[in-house]
Amino acid sequence: MDSEVTILIVDDKPANIFALEKLLEKPERVLISATSGKDGLKIALSKKIDLVILDVQMPEMDGFEVAKILKSNKRTKDVPIIFASAEKKERHSIMKGFEEGAVDYLSKPLDPEVTKAKVAVLLKIQLQKKQLIEKNLSLEQADVQIKQLNLELQKNLVQLETANKELESFSYSVSHDLRTPLRILNGHSSILLEDYGDKFDDEAKRLLQSIQGNVNKMNKLIDDLLRLSKLGRQEVERSEINVGKLVQDIIIEINSSTHHNANIILNPLLPVYADHSLLTQVWINLISNAIKYSAKKENPKVEINCLKQNGEMVYSVKDNGAGFNMAYADKLFGVFQRLHKPAEFEGTGVGLAIVKRVVGKHGGRVWAEGKPDEGATFYFSLPDYGDSSVGELVQTSFEKVN
């Protein structure tokens with residue numbers, strides 16, 4: 001903020017001007033003088049003045065006339081004026097000065113201390129006024145910018161709504177139009193195997209089974225893509241979740257539906273406020289991935305942990321499986337980004353992208369650590385909304401018996 005101020009001294013006697021300049025000079029003050037009312041007006045109307053000290057008795061144009069013109073001009077109407085007069089302080093003279101726009105009155109000979117004090121106070125008020133005007137101007141400019149941003153936001157919302165409608169249309173198309181030929185392909189291949197299987201050699205049967213397998217993969221990919229697209233529109237409905245119980249139920253379900261040999265260790269998990277169905281999806285994807293990528297180990301192991309830090313609940317799923325090179329860690333959570341060949345580990349390449357989107361909708365983060373052939377740990381954090389009434393589970397080990 002510029003604190004420099006300009007004072008205009010108008011007096012027909014140079015000695016009076018010199019005395020005032022010596023009395024009022026300071027580094028932050030610019031002192032300008034004029035020896036007649038006309039010259040004073042020219043300066044005031046051409047320069048930015050913060051205070052005028054105006055002699056009353058001057059030839060041709062006295063101080064009252066100068067003040068009247070200054071107060072009638074848009075440029076100078078708000079500039080404070082101090083009258084300096086050798087006249088006796090008669091009431092009518094003082095009142096006339098105030099009527100013409102003066103804010104204060106000084107009697108000659110001037111009292112140095114009184115003069116300096118009055119000038120200092122008026123300049124301080126004027127400086128505060130300038131600062132207030134500048135702040136108001138900044139607020140007005142900010143208001144204009146906010147209005148422009150709101151207009152842009154409205155346009156973006158309209159575009160987003162249009163995009164969502166197009167996405168819904170695309171989702172329907174994917175769900176209906178792409179599944180129809182897949183159902184036909186799967187149905188015809190099943191008929192061929194069931195009704196004409198005895199006429200095919202082993203290679204023909206293998207090819208038909210390969211067709212069915214790839215149809216199933218395609219259906220799974222369509223399911224995952226639709227799930228990913230719907231996440232963008234799905235509202236997060238938070239409730240208090242016993243995460244330990246949730247994960248325990250998921251592990252039991254996976255053990256009953258999936259063939260694996262992994263020893264799953266479930267450590268105590270802190271409760272959290274989140275969307276139950278979305279959080280379930282995150283845990284299913286992470287635990288299933290850990291089981292899948294550790295399946296080729298002699299003693300596959302999956303460990304699930306939790307800790308509270310920096311206002312977040314941090315959950316992790318660790319395995320001793322294939323791992324990955326940290327140089328490619330940024331690709332893990334992208335759609336169709338896979339660090340292993342499909343022949344090594346099946347999958348659509350969408351699961352971790354779903355995890356990232358769900359956690360992001362909750363205001364959380366996802367990341368991973370790993371080493372090739374030494375396993376990986378996948379982390380996700382969710383905001384900690386305070387104490388919970390939901391209890392924790394003790395450590396549980398789920399050793400799959402096949």
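## Terms and basis of the model

A residue is called buried when its relative accessible area is under 20%, exposed when that area is over 50%, and partly exposed in between, using a 1.4 Å probe and protein chains only. This is a predicted model, in which local features need pLDDT of at least 70 and side-chain atom pairs count only at pLDDT 80 or more, while totals for chains, interfaces and linings use all residues. Residues are numbered from 1 along each chain as its sequence is written, and side-chain values use heavy atoms, with hydrogens and water left out.

## The chain as a whole

The protein chain holds 9 helices and 13 strands, where helices (H or I, at least four residues) and strands (E, at least two) are DSSP runs numbered from the N terminus. Of its 402 residues, 38% count as buried. Its accessible surface, computed by the Shrake-Rupley method with a 1.4 Å probe and, for residues, with only the protein chains shown counting as cover, comes to about 23500 Å², and 53% of that surface belongs to carbon and sulfur atoms.

Contact here means heavy atoms within 4.5 Å. Among the contacts in the protein chain with a separation of 6 or more, 69% are accounted for by residues 24 or more positions apart.

Helix α1 spans residues 14–24, and its buried residues are I17, L20 and L24. Seen down the axis of α1, these buried residues fall within an arc of 65 degrees, so they line one face of the helix; the arc is that of the directions from the helix axis to the C-beta atoms. The exposed residues P14, A15 and F18 are carried on the face of α1 turned away from its buried side.

D11 is found in the loop between β1 (5–10) and α1, and at 3% relative accessibility D11 counts as buried. The side chain of D11 reaches the backbone nitrogen of K13 at 2.9 Å. Leaving aside residues up to four places away in sequence, D11 touches N16, I17, A34, T35, D55, M58 and K108.

## Salt bridges

Side chains of opposite charge can pair when their charged atoms come close. A salt bridge is a side-chain nitrogen of Lys or Arg within 4 Å of a carboxyl oxygen of Asp or Glu, and a search of the whole structure finds 9 of them. In one of these, K116 pairs with E113, the closest N and O atoms being 3.6 Å apart; the two are 3 residues apart in helix α5 and are therefore separated by about one helical turn. K116 is partly exposed, with a relative accessible area of 33%, whereas E113 is exposed at 53%.

K297 forms a salt bridge with D373, with the closest N and O atoms 3.2 Å apart. K297 lies in the loop between α8 (276–294) and β9 (301–309) and D373 in the loop between β11 (365–371) and β12 (375–383), so the pair ties together parts that are 76 residues apart in sequence. The side chains of K308 and D384 also meet in a salt bridge (3.7 Å, N to O); K308 lies in strand β9 and D384 in the loop between β12 and β13 (396–399), so this pair too ties together parts 76 residues apart in sequence. K308 counts as partly exposed at 45% relative accessibility, and D384 counts as partly exposed at 22%.

How values were computed
A polar contact is a pair of N or O atoms within 3.5 Å; within protein, one must be able to donate a hydrogen and the other to accept it, and residues adjacent in sequence count only if both atoms are side-chain atoms.
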